[in-house]
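Here is a friendly note to read alongside the model. Please keep the sequence open as you go.

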Amino acid sequence: MEFGLFHEFQKSRETSEAEAFAQSFALVDAAEQWGLDAMWLAELHFAPDRSVLASPLILAAAIAQRTRRMKIGTAVQVLPLCHPLRLAEEAATVDQISDGRLIFGVGRSGFAHTYQAYGVPYEESRERFAETLEIVKRAWTEERFSYRGKYFAYDKVALVPKPRQKPYPPIRIAATSTDTYAAIGTLGHAIFVAARLGTLSELAPLVRDYREAYRAVGHPGAGEVYLRVPVYVAETEERARREPEESVMHLFRSIGGQLEASASLSGARAIEQRAERGQRLQTIAYEDALRDKMIVGTPDQVAEKLQGLREEIGLDGILAELNPGSLIPHPLVMNALRLLCQEVMPRFG
């Protein structure tokens, strides 16, 4: 069971950018000291009251120099916004300077406002994602390669550096809509699943689709599944339920509004149910969120819930969101991280 922290380098309205970086690096340093397996870096743009994490690979390089043991992952690098060769160079550089500790998590992002700001049509995101991923993998594995696609074309390119890990760093792909689970399984990569837009109880049949598609084309093993989920640990159940409430509900209302607004944009698909999911997020009761969208409690309760999920969906690891919504005070987040590392993780061997 891999334990990771999903880190947004949070910034609230009351926190300066310098304070946000300082507090976020303090979490990184504590996670390395307390034995956390992986630090996962989000990619967020134009969110001044939420995050300063616009450049995950730059921060991954900084973390590589502060740590010696912990893996460093992107969760996720938004591929359609990237130039494939630049991305391949920078990610390979991080893998080299970290002595092979990079995990390359990728996705499309479900929110179109960043695409609009970057001048990339959201309706192109699926095709751009596929082209970019193929180019990055070929650039990492072939001495020279040529490529001609709809958006990119290269002739006899020799990428330098190549990654430290061979053939390349582990690739994990985020699934957001129901039809992407089987598609990722067919590709043979590990998958990120989440309950932020849906619920934990919805995941088991979707993960089955992923694993059936994974096995059907003959990939080795069963396929790895990693869950990004809000987690909060405190010494008492009352504190564990009370302390994250304001922040979590702020997050659900915020992303629910963004999701509903994106439903009418070009590139949104009916299967994604953006309007319906957005409305549910904006009106969800905290008790319902506690029951089926979060893992909160004492170390005993959190460990029990994780064990149940591991048995139900064959979970290989988590990306714990310890401060969803960015409003939980830094000392409380540090305490939740300490309890996760020192009192929950050891129960999973």
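1. Let's start with two helices. Helix α12 (residues 299-313) and helix α13 (residues 330-344) have axes that come within 10 Å and cross at roughly 70°. Axes here are lines fitted to C-alpha atoms over the stretch in contact, with angles from 0 to 180 degrees between N-to-C directions; helices are DSSP runs of H or I with at least four residues, and strands are E runs of at least two, numbered from the N terminus. Because 65 to 115 degrees counts as roughly perpendicular, α12 and α13 are roughly perpendicular to each other.

2. Who touches whom? On the α12 side the contact (heavy atoms within 4.5 Å) uses P299, V302, A303 and L306, and on the α13 side L339, E343 and V344. Six of these residues are nonpolar, none polar and one charged. Nonpolar means Ala, Val, Leu, Ile, Met, Phe, Trp, Tyr, Cys or Pro, charged means Asp, Glu, Lys or Arg, and the others, Gly among them, are polar.

3. A cavity is a set of points on a 1 Å grid over the protein atoms alone where a 1.4 Å probe fits but cannot get out, and lining residues have an atom within 4 Å of a point. The largest cavity is lined by L5, F6, H7, Q10, L27, L322, N323 and V333. Strand β1 (residues 2-7) gives the most to this lining, with three residues. By class, the lining has five nonpolar, three polar and no charged residues.

4. A word on the source. This is a predicted model, where local features need pLDDT of at least 70, side-chain atom pairs count only at pLDDT 80 or more, and totals for chains, interfaces and linings use all residues. Residues are numbered from 1 along each chain as its sequence is written, and side-chain values use heavy atoms, leaving out hydrogens and water.

Notes: Angles under 35 degrees count as roughly parallel, over 145 as roughly antiparallel, 65 to 115 as roughly perpendicular and the rest as oblique. On a 1 Å grid over the protein atoms alone, a cavity is a set of points where a 1.4 Å probe fits but cannot get out, and a pocket is an open set with protein on both sides within 12 Å along at least five of seven lines; lining residues have an atom within 4 Å of a point.
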